[in-house]
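Student: I would like to learn how to read aromatic contacts in a model. Can we go through one together?

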Amino acid sequence: MSIRIRDVNKHFGRFQALRNVNLDIASGELLALLGPSGCGKTTLLRVIAGLETPDTGGIHFGGVDMTDVHVRERNVGFVFQHYALFRHMSVFENVAFGLRVKPRDQRPSEARIKQKVGDLLKLVQLDGLAERYPSQLSGGQRQRIALARALAVEPKVLLLDEPFGALDAKVRKELRRWLRRLHDELHVTSIFVTHDQEEALEVADRVVLMNSGAVEQVGSPQEVLDQPASPFVYGFLGDVNQFHGRAHEGFWHLDGLALDAPEHVGAQNAQAMAYVRPHDLDVQRHRAGTSGIVATLRRAIVVGPIAQLELHPVEHSQPDGHDPLIEVHMSAQQFHEMGLQKGETLVVHPRKARVFLQPEKV
């Protein structure tokens, strides 16, 4: 079931939760709505579900206008962060609930319900737990039961709101791999909300980055990582260093450095910020005449095969008043071979950067 969202706006009093959202979701796609708290991702999910009505704009399922259709008529399945299982019902009865409350003329027979619930419990790998109660299950098992219950009514669209947010890191990682395999088997159009970038990038076919109620970027995990459309996207998807410099005729300049910035070939000595991932920085000992950003090594943390260095620039401070920390990632082997020591003066050189122009202060 394809979904088309057009020009959707939503206010709660004076607060605008969604700002002119346009989005196309392909049939059978697994899409992640990603962003910080308050960015509008859950509101958008609720608008798609029919739990909220947009102030303006429309929602179409498979070409049919569903904007004013009640949630009961949309045939969507829900999975919530805190499971929302019925504590007084067994696992079997929880999964069967949606089938039992269907109108009489649509309700399956008891034999069909028993078969369907059994099939779903096998699908989520919990077929031996039908008679248990939610309190007797682990968090990961409860979430799989919640998913089985959502799938029991054969929804056209599956909606998941922070489905793994209440679980510990190890279980969360196992479940998101399991969800990806399950989706590849079922191909139900699925949309899940998360603030965890690793989760979105690992599970989804495409990622929608949201910020302040608007869509910042839509793309495959690789696209949003390699080609971030804005400083917000660059900063949200992983660790990043920010360097204040100038862009001039296709190059970015700072401390004798000149990095390619072909997207700004028309810039004339404009203020510009270079965004650099920690693993895209080279480090060497300071020597007279070496171009680059001179910094002092404050701290080094070796975690497995990676050494994380924290450096402080010798001459530069951030215009916003923040501590101008530079983070560098290198292999632990290289770190040990270089024999770097706390307090040493080093020179940092970006191998690759993404440059964004800054508005000139008036």
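Student: Is Phe356 buried or exposed?

Tutor: Buried means under 20% relative accessible area, exposed over 50%, and partly exposed in between (1.4 Å probe, protein chains only). Phe356 is buried, at a relative accessible area of 10%. A word on the source: this is a predicted model, where local features need pLDDT of at least 70, side-chain atom pairs count only at pLDDT 80 or more, and totals for chains, interfaces and linings use all residues. Residues are numbered from 1 along each chain as its sequence is written, and side-chain values use heavy atoms, with hydrogens and water left out.

Student: How many aromatic pairs does the structure hold?

Tutor: Rings of Phe, Tyr and Trp (its six-membered ring) pair if their centres lie within 6.5 Å; planes under 30 degrees apart count as stacked, over 60 as edge-to-face and the rest as tilted. The structure holds five such pairs. Take Tyr234 and Tyr275: the pair is tilted because the planes stand at 40°, with the centres 5.6 Å apart.

Student: Which parts does that pair tie together?

Tutor: Helices (H or I, at least four residues) and strands (E, at least two) are DSSP runs, numbered from the N terminus. Tyr234 lies in helix α8 (residues 231-236) and Tyr275 in strand β14 (residues 270-276), so the pair joins parts 41 residues apart in sequence. Tyr234 is buried at 7% relative accessible area, and Tyr275 is buried at 8%.

Student: What kind of pair do Tyr275 and Phe356 form?

Tutor: An edge-to-face one, 5.5 Å centre to centre with 90° between the planes. Phe356 lies in strand β20 (residues 354-357) and Tyr275 in strand β14, so this pair ties together parts 81 residues apart in sequence.
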